[in-house]
Amino acid sequence: PFWLKSLRKFVSAVPTSSSDLVAAMVGAESTPAMQPTSAWYFRWRQVASELIGEPLEEQAAGELWRDARQSMKLPPHSAYRYLVDEYFAAARELLNSDRRTESASEELAAALRADVKEGLPQWCYERAEPRRPKAADSPSEGIVQQGPAGATLWFGDIPAELADVKALNKVFFTSKPSGVPPPFIKKLVKQGYKAGSIAFRADAEPRQDDELCEKEAKDWAGYAFVEFRDTQEAKDALAHFDGRLVEGWKMRVQWAEDRHQGRTTQFRKLGPDLQPGQDPPLVEQLFPASLPPEDLRQALNRHSAAIASVLAQPEQEPWVIAEIVEAFYRKHPRQEIPAAGVLLPPSLLRNLQEELRRTRWPAAPHRAGMQAQHYLVLQRGWINEGYEALMCVIDDVLDWADPAFGCNRVAVTKDFQGSPHIDSSDVTYQYAVSIGDFTSGGELCIEGDRPDRVWVVDTHDRVAKIDGRWVHWVRGHSGGERYSVIFFSTNPACATERSRPVFQDFAPRG
């Protein structure tokens, strides 16, 4: 679960007791959740203790937990969140009335015991929202698809000195057809079969022998499953590569069968499809899983400063503070500030949309971990083979928006959603535009310079000037496809200080 992953990230920056806590929680997962010994119970008890400023009385805590689990028939995670929210509200009221006493835990328990059985908040009995229908070419559940069906070739007879992903990529780069981007190596087996064997076929089972002597190992050849952008490109590649001699390797190429390719999981999605206008879960907005530990610590400090009056012990475990931060924003939703970019001229909009619909997307996303059907990164000033026409249209848009902007990278996506993150490689602000037939949702949301604010930016057919070095994400959309184009810079010569999330005074300069 997300909280455990986040907790593990914090372990290196907090006292050793965190490790003990993780071990206790993981071990407790196997115990009956109804009893006050489950991981969720211990987790709630520590959060509640922080809220009231002293250890929670064990008997009262156990009674509250059993009431929430039995009387309301709540699953453990729902009971946990319900009790955290109740204690948060009660602790705030107690703090505001200046009534913290030595018997605070007993006083709170008594006050809550009568309320805990009254009605549940909406989220406790709300069913999961139905998933948005997928397009015919959309990814499979949880995995970003590695290209269309029928776009994979089997390359065999790979000599030992080339049976390496880096070496093989170099071979493809130097020997591929002109104007075609390098393919994606989906799977490489270094010792697949005896070299020269005619018994091995692309649809045969690979042979295994872990006790080969060094001399025998030299007689083995490797093979790879290589993915192209679409079936036509794979067909052209088959005619181009089969029988070709490159660096002493006479390529043996055939169409590949799915059952031997394995399942590539290195480009996982971050969550289920979002409904139109729906945000990703609050905890992902506040503490994105993609953040490195130091950035995660900064996010924690930023949000905990906004609720300092609620924290009884500011030096408490980071995950406890993170839970209280989340409870705070559940009770006090962040303020949304609407904004909108500048409309693209009709001619630029039409040209960009037509070119995006003609785009042959790479077999594998150029950025892992983002929830998008396709993700392509182009480099300005370089030859982007296979994407020259798209790059020309993109340059026209930038020349209209800001011809002096030192953009050296452009991210192009299809159906990007959710994925809260920070563009840590950016050195300055960026320009963002989204186009397509989608009719609702799809707004770009950016955490404000104040942690209790979120900018909601309309980029549909519009160019907005924003700073991706703040946490940001995209709301769910519906009604059609949504393409996005992001102009950004990683060039140190163009660096500027981070000042504001959204530049409302942006005006095109071209």
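Predicted model: local features only at pLDDT ≥ 70, side-chain atom pairs only at ≥ 80, totals over all residues.
Figure 1. Helix 10 spans residues 231-241, and its buried residues are Glu233, Ala234, Ala237, Leu238 and Phe241. When the helix is viewed along its axis, these buried residues fall within an arc of 145°, so they line one face of helix 10. The face turned away from that buried side carries the exposed residues Lys235 and Ala239. The cover over the buried residues of helix 10 includes strand 1 (152-158), helix 8 (165-175) and strand 6 (252-255).

**Figure 2. Helix 8, one of the elements that cover the buried residues of helix 10.** Within helix 8, the residues Leu168, Val171, Phe172 and Ser175 are buried. Seen down the helix axis, the buried residues of helix 8 fall within an arc of 95°, and therefore they line one face of the helix. On the face turned away from this buried side are the exposed residues Lys166, Lys170, Phe173 and Thr174.

**Figure 3. Aromatic pairs of the protein chain.** A pair of aromatic rings is described by two values, the distance of the centres and the angle of the planes. The count for this structure comes to 14 aromatic pairs. One of them joins Tyr223 and Phe225 in an edge-to-face arrangement, with 6.0 Å from centre to centre and 90° between the planes. Tyr223 and Phe225 are both buried. In a further pair, the ring centres of Tyr375 and Phe416 are 6.4 Å apart and the planes stand at 55°, so this pair is tilted. Tyr375 belongs to strand 9 (residues 374-379), while Phe416 lies in the loop between strand 10 (409-414) and strand 11 (418-421), so the pair ties together parts that are 41 residues apart in sequence. Tyr375 and Phe416 are both buried.

**Figure 4. An aromatic cluster, and two arginines placed over rings.** Phe405, Tyr429, Tyr431, Phe503 and Phe506 together form one aromatic cluster. The charged end of Arg334 sits over the ring of Tyr329, at 5.5 Å from the ring centre. The charged end of Arg498 sits over the ring of Trp470, at 3.6 Å from the ring centre.

**Figure 5. Asp415 in the loop between strand 10 and strand 11.** Asp415 has a phi near 55°, which is a positive value in a residue other than glycine. Is Asp415 buried or exposed? Its relative accessibility is 16%, and because residues under 20% are classed as buried, Asp415 counts as buried. Phe416, the partner of Tyr375 in the tilted pair, also lies in the loop between strand 10 and strand 11.

**Figure 6. His460 and Asp461 in the loop between strand 15 and strand 16.** His460 is found in the loop that links strand 15 (453-458) with strand 16 (462-466). With a relative accessible area of 21%, His460 is partly exposed. Which residues does His460 contact, leaving aside its neighbours within four places in sequence? They are Ser434, Ile435, Gly436 and Phe438. His460 and Ser484 are 24 residues apart along the chain, and their C-alpha atoms are separated by 9.0 Å. Asp461, in the loop between strand 15 and strand 16, has a phi near 65°, a positive value in a residue other than glycine.

Figure 7. A disulfide is a covalent bond between the sulfur atoms of two cysteines. How many disulfides does the structure hold? The number is 0. For Cys494, the closest cysteine sulfur is that of Cys407, at 9.2 Å, which is too far for a bond. Cys494 is partly exposed, its relative accessible area being 22%. Cys445, in turn, has 0% relative accessibility and counts as buried.

**Figure 8. The protein chain as the setting of the close-up views.** The chain has 15 helices and 19 strands. Of its 510 residues, 50% count as buried. Among the contacts between residues at least 6 apart in sequence, 80% join residues at least 24 apart. The chain exposes about 24100 Å², of which carbon and sulfur atoms supply 51%.

Note on methods:
Residues numbered from 1 in each chain as written. Heavy atoms only, no water. Phe/Tyr/Trp six-rings, centres within 6.5 Å; stacked < 30°, edge-to-face > 60°. Buried < 20%, exposed > 50% of the residue type's maximum accessible area, 1.4 Å probe, protein only. Helix = DSSP H or I, 4+ residues; strand = E, 2+ residues; numbered from the N terminus. Lys NZ or Arg CZ within 6 Å of the ring centre and 35° of its normal. Contact = heavy atoms within 4.5 Å. Areas by Shrake-Rupley, 256 points an atom, 1.4 Å probe, with all protein chains shown as cover. Arc of directions from axis to C-beta. Disulfide = S-S within 2.5 Å.
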